[in-house]
There are 2 protein chains.
Amino acid sequence: MTERLRVASVGLGRWAKVIAGAVQRSSHLDLVSCFSRQEAARTEFAGTYACRSAATLEELLGDPGVDALLVTVPNDAHADTIERAARAGKHVFVEKPIAASLEDGLRIARVVAETGVRVMVGHSARMLAGSREIKRMLGAGELGQIALVETNFSNDRALELTPDKWRADPERNPGGPLMQLAVHNFDVVGYLLGPAASVVAQTARLHTRVQVPDVTTALVRLDSGPIAYFGSSWVSAAAYAVRLYGTKANVHLEVDFRYWGRGDQVDAHSVLRVEPNGGDPFLVKLTPADMYRDELDELAAAVRENRPTEVGPEVGLANLVLVHACLRSAEEGREVRLAEVWPSGALAGNRP
Amino acid sequence: MTERLRVASVGLGRWAKVIAGAVQRSSHLDLVSCFSRQEAARTEFAGTYACRSAATLEELLGDPGVDALLVTVPNDAHADTIERAARAGKHVFVEKPIAASLEDGLRIARVVAETGVRVMVGHSARMLAGSREIKRMLGAGELGQIALVETNFSNDRALELTPDKWRADPERNPGGPLMQLAVHNFDVVGYLLGPAASVVAQTARLHTRVQVPDVTTALVRLDSGPIAYFGSSWVSAAAYAVRLYGTKANVHLEVDFRYWGRGDQVDAHSVLRVEPNGGDPFLVKLTPADMYRDELDELAAAVRENRPTEVGPEVGLANLVLVHACLRSAEEGREVRLAEVWPSGALAGNRP
């Protein structure tokens, strides 16, 4: 490969453009090609980003000038796309969740292990400046011991969803906002405090006209002790928050969702408030990062340095296992241990 | 009775002084007497508040110059005290929760129904100016349809608790912060959105040295549809928050816990933020009330007008049923319907 990672976008919807914008802000990647089954979409995309386009995925995978794919196809098409990419020796950035089904998630983890390509899963929320600062605070002991975590990620997408969309199909997108939104915070909490042990969940379908749940909630007991709450509504005003309650201080990260799609602006529209035990609350000044650029740079660095990425398939799979554990808990009305849900034959090194 | 309700404090600990201060701010009650088994405590209290003291509860109950008792004895002593008061024809203000056990809660509801005295349970949080404003917004449709509610009430009391305190005893205070703190928000959510249908809960004992849980969480499915989360830590920096997520707007009430004991100051140290769907967030100016004065004034008005109080025994019992449903859910690792927990023989008019 050349010095800069040469990437090609696959699946050219709204989110592909967010990611392509992040490539433009990076000095470690070049967007060189693209593919979508819709000819009009790839022509437009190639024009906008001044890159080649491929008429078929096969053609793209045969292009020796492409080092890695940026995969933003629907969740249930991730596994096919990644398997073909990996077998063609292409590295992969893939949007979260790693897949919709556990079988697909496991298949991805296996083919990646087998082929040795590098994969970065787009759990971008851990790369918010606020998430990084909370991680630093935890490491420095500034919060004391943690008892409780609360997270929320909500927006109103399910008010607009129509039955023809894959996100509206309970077969293709089980869990609705649990799979699409809460999964970000599953990753953030895993990043901050380690793996989950068990979960109880409640979901409801209240105000949407499509057949997915539109509000999901979960209480996760972490291996390390604290309990973490994950709330997600798909039918309300937007919200993104992560709150940790510690013996020395509580900390609240709140992000203005209107800037969620703007990696270069989102940290400037985030507030990190510390509430010391008994003391006056204060705001922490965040040094802006760029979560979408940074996750792509991480893939480029992992390829360059021949090492795993920060968010590889095993992390993506762990987050997906938690989604499915929530769904089982909500369906069966009982506490579900994560170990019950892990697919048999999971890779060595994966939990449990 | 005279024009002003003549009240006597029973159980003269820290909270009795908070309530006595509220009596002093009211123009509808006079604090005329007090009783504690500790002679030193009642002498000091009588001196501070310029009132009589009684050497025994019997003496206090025989005092024709006392219309009502202000009961702040430990939760598991509420039923005995209230039963004796009611049979002596005294009205009652009692701190939340109405009792520790369901049996006691039911006993209180029965004796109150039988004797016809007026009872106000101290679920003060619904009387915060912010709670009243959220109720108004809901009624006016300003939030649209609600999908999700989140509440937190936390402080660090369990870091200091020693095993000799009743609050530290799992027999006398089952649930720890669930019984002492979250129960406030059970009442607030019931006030705002109506009764609960089922619950799943997780609790843990992490950082306290005593034997009660120190972090409790619950997901409650409401009869009206939304899911409500209730978090409570007893081992972290303090927090009080109520958050509603609606199709038109989200609303966040945050109260500075350092003013929780100051009914006349707490609303001035509360923030109510509205986040309209797609629009700019704004703060709502709250007209300060005084939750402790107002709950006592409500008792005085109910007596004067010969009507039930806003928070009578049946409301207190419903909140207590939810506490016990959470405990059962956490213990059994399953969803518990509220109907399973209601004591048999509950009064007509009570749920279910």
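Mentor: Start with a side-chain pair: the side chain of B:Arg52 makes a polar contact with the side chain of B:Asp63, at 3.0 Å. The model is a predicted one, in which local features need pLDDT of at least 70 and side-chain atom pairs count only at pLDDT 80 or more, while totals for chains, interfaces and linings use all residues. Residues are numbered from 1 along each chain as its sequence is written, chains are lettered from A and ligands numbered from 1 in the order in which they are written, and side-chain values use heavy atoms, with hydrogens and water left out.

Trainee: What makes the pair of B:Arg52 and B:Asp63 a polar contact?

Mentor: The term means a pair of N or O atoms within 3.5 Å; within protein, one must be able to donate a hydrogen and the other to accept it, and residues adjacent in sequence count only if both atoms are side-chain atoms. The distance between the side chains of B:Arg52 and B:Asp63 is 3.0 Å, so the pair falls within the 3.5 Å limit.

Trainee: Why is B:Arg52 called partly exposed?

Mentor: Buried means under 20% relative accessible area and exposed over 50%, with partly exposed in between (1.4 Å probe, protein chains only). B:Arg52 has 40% relative accessibility, so it counts as partly exposed. B:Arg52 lies in the loop between helix 2 (39-49) and helix 3 (57-61) of chain B; helices (H or I, at least four residues) and strands (E, at least two) are DSSP runs, numbered from the N terminus.

Trainee: And in chain A, why is A:Asp63 called buried?

Mentor: A:Asp63 has 16% relative accessibility and therefore counts as buried. The side chain of A:Asp63 reaches the backbone nitrogen of A:Gly65 at 2.7 Å. Leaving aside residues up to four places away in sequence, A:Asp63 touches A:Arg52 and A:Lys90, where contact means heavy atoms within 4.5 Å.

Trainee: What makes the pair A:Tyr240 and A:Trp260 tilted?

Mentor: Rings of Phe, Tyr and Trp (its six-membered ring) pair if their centres lie within 6.5 Å; planes under 30 degrees apart count as stacked, over 60 as edge-to-face and the rest as tilted. The rule gives 15 aromatic pairs over all chains. For A:Tyr240 and A:Trp260 the centres are 5.0 Å apart and the planes at 35°, so the pair is tilted. A:Tyr240 is in strand 10 of chain A and A:Trp260 in the loop between strand 11 and strand 12, so the pair ties together parts 20 residues apart in sequence. A:Tyr240 counts as buried at 2%, and A:Trp260 is buried at 5%. A:Phe153, A:Tyr240, A:Phe257 and A:Trp260 form one aromatic cluster.

Trainee: How do you know that A:Asp280 forms a salt bridge with B:Arg258?

Mentor: A salt bridge is a side-chain nitrogen of Lys or Arg within 4 Å of a carboxyl oxygen of Asp or Glu. The closest N and O atoms of A:Asp280 and B:Arg258 are 2.8 Å apart, so the pair meets the 4 Å limit. The rule finds four salt bridges across the interface of chain A and chain B.

Trainee: What is the buried area between chain A and chain B?

Mentor: Buried area is the accessible area (1.4 Å probe) that two parts lose on being put together, summed over both. Chain A and chain B bury about 3,900 Å², 54% of it on carbon and sulfur atoms. The contact takes 57 residues from chain A and 56 residues from chain B.
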